[in-house]
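Visitor: I would like a close look at a single part. Please start with any cavity, then move on to the ligand and the pocket.

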Amino acid sequence: MSGKAEIKLDGNSYELPVVEGTENEKAVDIGQLRAQSGLITIDPGYKNTGATKSAITFLDGEKGILRYRGYPIEELADKSSFLEVSYLLIFGELPTAAELESFQHEITNHTLIHEDFHKILDGFPSSAHPMGVLSSMVTAMTAFYPLSLDPNRSWDEVKMSIIRIIAKLPTFAAWAYKNKIGQPVVYPKNNLDYCSNFLHLMFGLPSTDHVIDPVVANALDKLLILHADHEQNCSTSTVRIVGSSQASLYASLSAGINALWGPLHGGANSAVIEMLEAIKEDGGDINKWMNKAKDKDDPFRLMGFGHRVYKNFDPRARIIKKAADEVLESLGVVDPVLDIAKGLEEVALNDPYFVERKLYPNVDFYSGIIYRALGIPTDMFTVMFAIGRLPGWIAQWKEMRENKEPIGRPRQVYTGANQRPYVDINKR
Ligand code: CMC
């Protein structure tokens with residue numbers, strides 16, 4: 001505890017403890033406020049509400065800082081691998097060489113999925129969005145691994161559920177894509193690393209091996225690291241709140257996938273490309289679309305711009321922009337949509353509307369561009385984000401369980417009708 005805050009209302013005063021985090025962030029603990037005074041606090045969208053104390057990710061939106069377990073995102077993106085970062089997030093420390101090898105071995109040996117999953121997959125029409133298929137497949141894991149239903153089982157059993165989902169999510173994702181385009185699925189290859197195996201699953205055929213380009217596999221690995229956790233965002237809060245009811249790990253993760261799907265969250269990466277394509281189709285007049293974004297009567301927003309917490313720059317966007325430039329150059333990609341993206345970025349960064357509201361390109365502005373260059377189809381972009389965010393969701397779910405957090409249950413300020421008598425149907 002660090003000091004006290006005071007609320008004064010109607011001649012009464014209530015003292016509230018102030019808690020302080022390891023980076024000196026202060027918060028007023030209102031846990032006892034209602035018991036003392038009958039008051040609750042209200043904060044739609046939780047813009048100023050801390051839902052938990054967490055030791056996983058530190059983020060300073062003003063300074064553009066992002067750290068996983070204390071390690072700067074810049075260093076992790078440069079020096080680490082996605083599976084190493086996954087271990088760090090979930091277990092709290094960087095693995096030793098032996099620990100990492102064992103973790104990688106376990107993941108690699110659980111990539112195969114039960115043949116009966118084909119029956120579920122086959123039930124989806126080709127019009128199915130891969131995010132819907134992905135969340136359904138993750139929920140279906142509860143049927144194939146019924147022990148996973150109980151989150152209170154031994155740590156070894158919970159850990160096995162964690163290994164299984166990290167191993168199998170890329171297989172589900174790639175099979176959802178294959179189902180959509182009407183191609184036969186291919187089986188995982190255990191001699192490949194995590195991202196190379198995913199590329200094989202996506203682009204291989206039973207008759208022909210896909211030649212893995214290390215530039216593409218490395219870029220993908222970096223993208224997954226950048227997405228691996230982002231503290232209490234919409235999907236992570238969803239995972240924690242669903243898990244707080246003691247629903248299973250897979251049920252909680254499936255809910256997180258659905259929360260990520262929306263265009264204001266993970267769905268922004270595909271929305272960016274759809275927007276850039278629409279601008280191109282419309283003749284490429286950037287100013288016309290900028291004016292639409294600024295018009296309060298027009299629901300259009302510039303996708304890939306703005307962030308709830310980053311108000312100067314998104315550190316992930318800086319890393320990914322550099323990686324995008326390198327990948328595009330290395331692969332020799334020429335894409336007219338990229339010119340529109342660059343033009344839009346330049347105009348927006350100098351436009352008073354965007355400058356005053358501190359709206360900068362976020363990670364999804366560039367991730368869409370890079371995924372496109374890597375040959376990932378647009379409706380798979382958010383699926384890529386889900387694969388990246390998976391270890392973060394798991395780490396946050398595990399922390400919520402270990403902290404024995406109570407069931408999430410916000411209150412409300414009621415604004416509906418006061419009590420009134422029931423009116424007979426003939427008299428309405
Ligand atoms: N284009 C035009 N105007 C915008 C935009 C935008 N992309 N983003 C925010 N604004 C305006 C908004 O209209 C409001 O203006 P005013 O003060 O005049 O009413 C002001 O900026 C503040 O916006 P807000 O909606 O109150 O901010 P928020 O913190 O609730 O929303 C956001 C954050 C990310 C949902 C929003 O910026 C947005 O919709 N951006 C586009 C979608 C997007 O790129 N999302 C990906 C986020 S990064 C990936 C992730 O972590 O999920």
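**Cavity, ligand and pocket**

Guide: The lining of the largest cavity divides into four nonpolar residues, three polar and one charged. Here Ala, Val, Leu, Ile, Met, Phe, Trp, Tyr, Cys and Pro count as nonpolar, Asp, Glu, Lys and Arg as charged, and the others, Gly among them, as polar. This is a predicted model: local features need pLDDT of at least 70, side-chain atom pairs count only at pLDDT 80 or more, and totals for chains, interfaces and linings use all residues. Residues are numbered from 1 along each chain as its sequence is written, and side-chain values use heavy atoms, with hydrogens and water left out.

The lining consists of Gly306, His307, Tyr310, Phe313, Asp314, Tyr360, Pro361 and Asn362. The cavity's volume is about 30 Å³. Searching the whole structure gives one cavity of 30 Å³ or more. The grid is 1 Å, over the protein atoms alone; in a cavity a 1.4 Å probe fits but cannot get out, and lining residues have an atom within 4 Å of a point. Points join across faces, edges and corners, and a volume is the space filled by probe spheres set on them.

His307 leads on to the ligand. A polar side-chain atom of His307 lies 3.5 Å from a ligand oxygen. For Arg301, the distance from a side-chain N or O atom to a ligand oxygen is 2.8 Å. For Lys47, it is 3.2 Å. The protein covers 78% of the 940 Å² of accessible area that the ligand has on its own (Shrake-Rupley method, 1.4 Å probe). There are 21 residues around the ligand, and His265, Arg301, Leu302, Gly304 and Arg308 come nearest. To be near, a residue needs a heavy atom within 4 Å. This shell has nine nonpolar, five polar and seven charged residues.

Now the second largest pocket. Its volume is about 310 Å³. A pocket is an open set of points with protein on both sides within 12 Å along at least five of seven lines. Of its 20 lining residues, Leu83, Leu192, Asp193, Tyr194 and Cys195 are closest to the centre. Two or more residues each come from α3 (82-91), α4 (97-108), α7 (155-181), α8 (194-203) and α9 (214-227). Helices are DSSP runs of H or I, at least four residues, numbered from the N terminus. α8 gives the most, with four residues. By class, this lining has nine nonpolar, eight polar and three charged residues.

Conventions
A polar contact is a pair of N or O atoms within 3.5 Å; within protein, one must be able to donate a hydrogen and the other to accept it, and residues adjacent in sequence count only if both atoms are side-chain atoms.
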